[in-house]
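Dear colleague,

Please find the structure below.

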Amino acid sequence: MELDVYMLSRLQFALTIMFHYLFPPLTIGLSWLMVIMEGMHLKTGDREYEAIARFWTELFAVVFAMGVATGIVMEFQFGTNWATYSRYVGDVFGSPLAAEGIFAFFLESSFLAVLVFGWDRVSARMHFFSTCMVSFGAMLSSIWIVVANSWQQTPAGFVVNETLGRAEITSFRAMVFNPSTVHRVMHVWLGAGILGAFFVLSISSYYLLHGRHTRMARKMFKVALAVGTFMSLAALGSGHLQAKNVGATQPAKLAAFEGLYKTPAEGEGAPLYLFGLPNDETESVDFGFAVPGGLSFLMYESFKTPVTGLDQFPREDWPPVNLSFQAYHMMLTVGVFFIGITLLACFFWWRGTVFDQRWLLWVFVFAVIGPFIGNEAGWCAAEIGRQPWIVYGLLRTGEAFSPAVSAGQVVFSIGMFLALYTFMFLVWIFIMSKKIQKGPELREAASGAHSGALNGADKSEEG
Amino acid sequence: MDLEVIWFFLLGILLAGYALLDGFDLGVGILHPFVRDDRDRRVLLNSIGPFWDGNEVWLVTFGGAMFAAFPEVYATVFSGLYTALMLLLCALIFRAISLELRSKLDQPGWRSFWDWAFALGSGVATLLFGVAVGNAMTGLPVKEVNGHIEYVGTFFNLLGPYQLLVGVFTLAMFALHGNLYLCLKTDGELHQRVRGWTAKTFTFFLVTYLAVTVYTLAKIGHALDNFKKHPTAWIIAVICALAVMNIPRSLAKNRPGAAFLSSSAAIVLLNALLGLTLWPNLVISSIDPMFNLHIYNAASSPKTLKIMLTIALLGMPLVLAYTSAIYWIFRGKVQVDKMTY
């Protein structure tokens, strides 16, 4: 593999998007939990929920700042490193990005100011409204960016203008609601919800194990467990629908996900590998364990219906099979883990003993790594599986880079991002753990604008 | 009116909005090292706390709108100015996280590190914006390569004397703008000190303003083309000069609000002058005018421009509503006992 401008630009894109994508799903997921917890405060007047909401807002602000700082890189990078792509697709791809700025970023950033700086400036209701708006803004932002990316996966609503050598829009509606948008937005949101829930579960479990903030930690834990269980189960359903959609719209990608080199003969089903090592040389999966006909069943509810294999595509149109397969299976594995662990915790919750299961709480402390891996692996699967196309079936990634940029320049910027992001990551972990060590603080009853909204404030100290 | 023309104006509005709004918080960053006391530094950070993030969205939206409306310009300029943009990103990232992290730990070494990151990030970003404007004025070494207009210079081609002068001018302009903003946001002893700086920041601004004006008139030949065709355009330059002169006048009358409005007007009018110089081009080729990227050969299809116009018409009233709401909620002086940063 030669490290030319093209490969270096891909490397940089992978590095910067993977680092960026640690934060936005956490922002979205946490924002939902903040809406619930702040809503509980308004509804019940329980001061502990206010303390919880303030605590999460502080952490949220740090996560949000990391998302903003790394997000602006992404918007610049289409132009800096993928100029040919930008020229080819700008007519179609540019408008969702601009819409994201106008509709989502302004909304988010304005109301975030109220969230972080406004506790004593606005009423409790207005603050709650702002939390809802930040959450709404984060969701709008994810919609527009997933629209843009889905258009790369399943382009629709455009024609190719041969004279100008570019794609031009014919229907904005068809572009926005291209065949994969809705499935992918849902799946991204569920991934975000799982991450938010596991993040809260991890920190509350940590408090519970150390006997700190016990009452508040129990409240947070229960809210997060309910959300996490629902999202984990829903992600399974959404993932299933999305995989079927990939099979219909990007068959080579699905074949790579499943390591399906050969299309089964008529009347024979395609196997479903639980794990394995796809081998491009022998065109088979080594060390694998498969459910016979399993893939056919998932796709067509019949064990005997053939599924299109990679042999139906010329080799130059194959995605990297092994990478796609492993990323996809990594996502599935953690997804199954989320369902198992949350259902188990729900069982103990139902029995009334969940907070006595110290081993389970320890598992939850570390389980937050799972959704980070799941979100990253899911995106890797989506993006690697789309290769060798930057716009599926339309423009190859290898033709899309910037002719005006030299390899040396990209080496410089990769070095810069590596250093910068390593440093940012360490500082982020450090500050988050400081804040978590400090924990939520129950404030005195009279806290300006807020006391008005309370009915029967509960001033009792935590246990 | 042609859609291409409308989008030239809309991009101008986004750029002017960015310069006007982020200008003051970048300016606060540039002035940050000049206050020493930790509490005072926190006042400075909190004066821009609720606003800086929203202000930066104007830049992001400007970038997105340029991508959508003039993809050829977005691709040529962003890939051509690669190294400069990477430095800009580095500066903006440092700035964003230093604001968020600085006061999270009560430790002198930590705080002074982030203080410098914030100041340098703000200064470098401002300087680079100015250098970019300077290059827009002089034109860039771009020419046709394989059917597209590509940048054929190096990073150091961007750093000519005129471009650097415009960079320093922008630094002075934002420092003054931020200074005037701080006059509105501080009180007590800090206010007196900040107020005392205005003589210096205004002088710095005036000197560089005159230098850029003279240099532009003397050396940038094509800068006057549109003014020769439409002499009424000189009115904008005159009003801009009047706005600048109104700054010391308002300060002398002890009306910092009017001074801030004057510097805001000057920034918007300077953007208008930039637009007038470029019109109808977006990128001027310093090699041959036949390689210019203008609003017609760089634009998206009319359909996209129309869709984008709908998006802008729907979105802009919302943006103005949130922005004014935030500036209203957080009006007045910074309250020291309720600081977040």
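Among contacts in chain B between residues at least 6 apart in sequence, 78% join residues at least 24 apart; two residues are in contact if their C-beta atoms, placed from the backbone, lie within 7 Å. The model is predicted: local features need pLDDT of at least 70, side-chain atom pairs count only at pLDDT 80 or more, and totals for chains, interfaces and linings use all residues. Residues are numbered from 1 along each chain as its sequence is written, while chains are lettered from A and ligands numbered from 1 in the order in which they are written.

Chain B contains 12 helices and 4 strands. These are DSSP runs numbered from the N terminus, with at least four residues (H or I) for a helix and at least two (E) for a strand. The radius of gyration of chain B, 20 Å, is close to the 20 Å that the globule rule gives for 341 residues, so chain B is as compact as a globular protein of that length. That radius is taken over C-alpha atoms, and the rule is 2.2 Å times the number of residues to the power 0.38. Of the 341 residues in chain B, 53% are buried, which requires 20 or more other C-beta atoms within 10 Å of a residue's own.

The largest nonpolar core has 254 residues, and A:Leu33, A:Ala224 and B:Ala69 touch the most other members. Such a core is a set of buried Ala, Val, Leu, Ile, Met, Phe, Trp, Tyr and Cys residues joined through C-beta atoms within 7 Å. Helix H4 (residues 83–117) of chain A gives the largest share of this core, 22 residues. Leaving aside neighbours within four places in sequence, A:Ala224 is in contact with A:Leu33, A:Ala197, A:Val200, A:Leu201 and A:Ser204.

Where the two chains meet, 57 residues of chain B and 56 residues of chain A take part in the contact. On the side of chain B that touches chain A, the largest share, 13 residues, comes from H12(B). By class, this side of chain B has 34 nonpolar, 16 polar and 7 charged residues. Ala, Val, Leu, Ile, Met, Phe, Trp, Tyr, Cys and Pro count as nonpolar, Asp, Glu, Lys and Arg as charged, and the others, Gly among them, as polar.

Within chain B, the axes of H5(B) and helix H6 (residues 108–138) come within 8 Å and cross at roughly 145°. Axes are lines fitted to C-alpha atoms, for helices over the stretch in contact, and angles run from 0 to 180 degrees between N-to-C directions.

Yours sincerely

Technical notes: A residue is buried if 20 or more other C-beta atoms lie within 10 Å of its own, exposed if 12 or fewer, and partly exposed in between; C-beta atoms are placed from the backbone.
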